[in-house]
Amino acid sequence: MLLALFSVFPDSGCASGLPSTTAPVFGYRVVASFPHDPTAFTQGLIVVDGQLFEGTGHYGASTLRRVDLATGRVERETRLAPDLFGEGIAHWNGRLVQLTWREGLGLIRDRDSLETRETFRYQGEGWGLAQDGRHWIMSDGTAELRFLNPESRRVVRRLTVRDGTRPIRFLNELEYIAGEVWANVWHQDYLVRIDPDSGAVTGYLDLSGLYPESERPSREAVLNGIAHDAATDRLYVTGKYWPRLYQIEVVPR
C-alpha cells in the first residue's frame, strides 16, 4: 500500500471534460492506493462486509471475482460464457447481481461460491448497477436510470438525469452513497452525483490527474469503478486496465 502525502485540487474542468455547470464541483485527496489487475476491464465494483468484488467485461474474458483489497490478488473467480459481456454488479440479500451488456440477461449469484443461482431478463443494454435498499438501479449508457423491483425484476420507474435542463448521457458504473446515486460517465474523468428522486445533478467529483491519460495503456483505459464501504465510509475508485485502485476522500475544490 502506498500512502499519498498530498491533496489534489484540479485547476480547471478541461482535463476531466467537466461541463459548464452551476452544480458544486469537488476535488479529492488520495488516502491510499492498492494494486489492481491491469488486465481487468472493470465494469462493476462493490465492497460487501469489507470484501471487494469486481465484475469485468469483454466477450470471452468476462468474470465476477472476489479480490483481496490490500494486495489485488484474485481470491475466487467465475467466468461468464464466451457469448456474454459482463457489466455492473450489486449486492442484494446475500447474493451478487451481475448485468450483461447487450444480451439482456441478469445473473444472480451466490456471494460465497459465485455460482449462478438464478437468471432474469431485461430490455435494452445493461451498463451500471446499484441498489438503494428498495430497488435495483440500472444505467444503460443513456441519460436514463431504471429502477427495478428486485422481486419481479421489472422496471417500476425511469429517471432522466439532468444538470439544469441538459441531460447527462453515457451514465456508466453506479454506486448508491448516503442517499445519492453516484455515476461514472463513460470516457470522462469525473463522477456525477444524482438526486434519485428528481434526477437533478447535485455535484461533480473531478478526478482528473488521478491516473494521467499520458500513462494509460489505451484509449479504453477509462475511469470506471466506484465502491463505497458504508461500514467505514471509505470510498474506492479505479478504472479499466488501471494498475491501481485508490481510496480517496472528497474535498472542496
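Why is strand E8 (residues 86-92) largely enclosed by the rest of the structure? Six of its seven residues are buried, so E8 is largely enclosed; here buried means under 20% relative accessible area, exposed means over 50%, and partly exposed lies in between, with a 1.4 Å probe and protein chains only. Strands (E, at least two residues) and helices (H or I, at least four) are DSSP runs numbered from the N terminus.

The model is predicted, so local features need pLDDT of at least 70 and side-chain atom pairs count only at pLDDT 80 or more, whereas totals for chains, interfaces and linings use all residues. Residues are numbered from 1 along each chain as its sequence is written, and side-chain values use heavy atoms, with hydrogens and water left out.

Strand E8 pairs with strand E9 (residues 95-100) in the antiparallel sense, over five bridges; two strands pair if DSSP finds at least two bridges between them. Within this pairing, Ala-90 has Val-97 of E9 as its bridge partner. The two strands form a hairpin with two residues between them, and in this hairpin Asn-93 adopts a positive phi near 50°.

Positive phi values also occur in other loops. Asp-49 has a phi near 50°, a positive value in a residue other than glycine. Asp-49 lies in the loop between strand E4 (42-48) and strand E5 (51-56), and it counts as exposed at 65% relative accessibility. For His-187, phi is near 70°, again positive in a residue other than glycine. His-187 is placed in the loop between strand E19 (180-185) and strand E20 (190-194), and with 24% relative accessibility it is partly exposed.

Another part of the chain forms an open sheet of four strands, in the order E12-E13-E14-E15, with antiparallel pairing. At its edges stand strand E12 (129-131) and strand E15 (155-160), each of which pairs on one side only. From one strand to the next, the twist averages 25°; axes for such angles are lines fitted to C-alpha atoms, for helices over the stretch in contact, and the angles run from 0 to 180 degrees between N-to-C directions.

A salt bridge is a side-chain nitrogen of Lys or Arg within 4 Å of a carboxyl oxygen of Asp or Glu, and a search of the whole structure finds 18 of them. One of these joins Arg-29 and Glu-249, at 3.0 Å from N to O. This pair links distant parts of the chain, 220 residues apart: Arg-29 belongs to strand E3 (residues 25-35) and Glu-249 to strand E24 (residues 244-252). Arg-29 is partly exposed at 26% relative accessible area, and Glu-249 is partly exposed at 37%.

In the salt bridge of Asp-132 and Arg-134, the N to O distance is 3.9 Å. Asp-132 is buried, at 15% relative accessibility, whereas Arg-134 is exposed, at 57%. Arg-219 and Glu-220 also meet in a salt bridge, at 3.7 Å from N to O. Elsewhere, salt bridges that share partners join Asp-37, Arg-65, Glu-77 and Arg-79 into one network.
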